[in-house]
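Hi there,

Here is the structure I promised to pass on to you. Have a look at it first, and then read on for what turned up in it.

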Amino acid sequence: MELELDKQWKTCMKNYWKTGNSSLKVWSTTNAMEAQKIYDIWAPKFDSDLNNDGINIHVEVAKCVTKYGCNNKDAQLLDVAAGTGMVGFCLRKYENFCGQIDILDANMEMLYVASKRGLNFRNIMRHWIDGDLPLTAKSYDVITCIGSFIPRHLPPSTLQNLLKLIKDGGFLIFNGRANLLPYNDELLKMIDQLESEGQMKVVDTMELFYTSDAFLSKLYVCQVPK
Ligand SMILES: C[S@@+](CC[C@H](N)C(=O)[O-])C[C@H]1O[C@@H](n2cnc3c(N)ncnc32)[C@H](O)[C@@H]1O
């Protein structure tokens with residue numbers, strides 16, 4: 001397994017030097033502020049880069065929202081580290097999602113792109129997550145957080161902060177990336193801890209590609225106890 005990941009990493013770095021792919025630039029940063037500076041510049045091209053690369057994880061997230069009964073006019077959804085609003089786009093376009101969508105991200109340029117997509121977001125919030133969020137406890141039916149449980153983005157402990165915002169019986173949908181060690185080990189530990197404490201239960205997992213950069217993602221659908 002490690003050898004395979006090593007091979008994938010080498011291919012990935014070769015592509016980086018060849019294409020300047022910005023997602024790889026984000027990974028080569030050494031701190032969160034540097035990563036944010038890349039998003040400042042990448043924002044206008046982010047959607048086309050991702051579309052070129054395929055958006056299958058976002059489509060699957062939108063399908064899960066419907067599958068787990070959260071697609072109705074009263075549904076309240078929060079997309080955390082929403083970037084340019086790709087999850088909201090897939091929800092509205094492919095699932096005819098008719099509930100309320102709030103989006104939150106640290107990066108103004110990414111949120112600006114999201115705001116221009118005509119997706120009828122209820123709230124567009126700029127906030128740097130580093131602990132509890134300034135939002136009402138138990139107010140969302142579902143929280144999504146895609147592509148952001150990676151180094152120099154959200155610490156794995158953010159899962160705990162997000163669970164507090166979800167209504168009893170609601171869902172948290174997020175992904176992790178096995179190639180990003182040791183970060184992913186910490187994420188797995190946090191998932192185990194939250195399950196053993198009874199704060200959530202993993203009800204579904206899927207292996208999917210976030211982009212065509214050859215790295216597999218694992219998508220988790222977790223339910224808060226009823
Ligand atoms: C790879 S992008 C993913 C965007 C979107 N979820 C998607 O999949 O298209 C990661 C996003 O996480 C945001 N982000 C990173 N660290 C953050 C933090 N601590 N608080 C809030 N947003 C953060 C970045 O600004 C960026 O928009």
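L208 sits in strand β6; helices (H or I, at least four residues) and strands (E, at least two) are DSSP runs, numbered from the N terminus. Please keep in mind that this is a predicted model, in which local features need pLDDT of at least 70 and side-chain atom pairs count only at pLDDT 80 or more, while totals for chains, interfaces and linings use all residues. Residues are numbered from 1 along each chain as its sequence is written.

K218 is 10 residues from L208 along the chain, and their C-alpha atoms are separated by 6.2 Å.

E95, in helix α5 (residues 86–95), is partly exposed too, with 18 other C-beta atoms within 10 Å. Its contacts, not counting residues up to four places away in sequence, are A62, K63, V65, T66 and N71. The C-alpha atoms of E95 and T66 are 7.1 Å apart, although 29 residues separate the two along the chain.

Now for the whole protein. It has eight helices and seven strands, and buried residues make up 37% of its 226 residues. The largest nonpolar core holds 57 residues, and V61, V65, I143 and L172 have the most contacts inside it. Such a core is a set of buried Ala, Val, Leu, Ile, Met, Phe, Trp, Tyr and Cys residues joined through C-beta atoms within 7 Å. L172 is in contact with I143, L162, L163, I166, M200 and C222, leaving aside neighbours within four places in sequence.

The buried residues of α8 are L187, I191 and L194. They lie on the same side of α8 because they cover an arc of only 70° around the axis, taken from the directions from the helix axis to the C-beta atoms. An α-helix has 3.6 residues a turn, so residues three or four places apart point the same way. K189, D192 and S196, on the other side of α8, are exposed. Among the elements that cover the buried residues are β5 (166–177) and β6 (201–209).

Most residues other than glycine have a negative phi. A81, which is not a glycine, has a positive phi of about 50°; A81 is in the loop between β1 (76–80) and α5 and is buried, with 23 other C-beta atoms within 10 Å. N120 also has a positive phi, near 55°, and lies in the loop between α6 (108–115) and β3 (123–126). N120 counts as exposed, with 11 C-beta neighbours inside 10 Å.

Enjoy exploring!

How values were computed
A residue is buried if 20 or more other C-beta atoms lie within 10 Å of its own, exposed if 12 or fewer, and partly exposed in between; C-beta atoms are placed from the backbone. Two residues are in contact if their C-beta atoms, placed from the backbone, lie within 7 Å.
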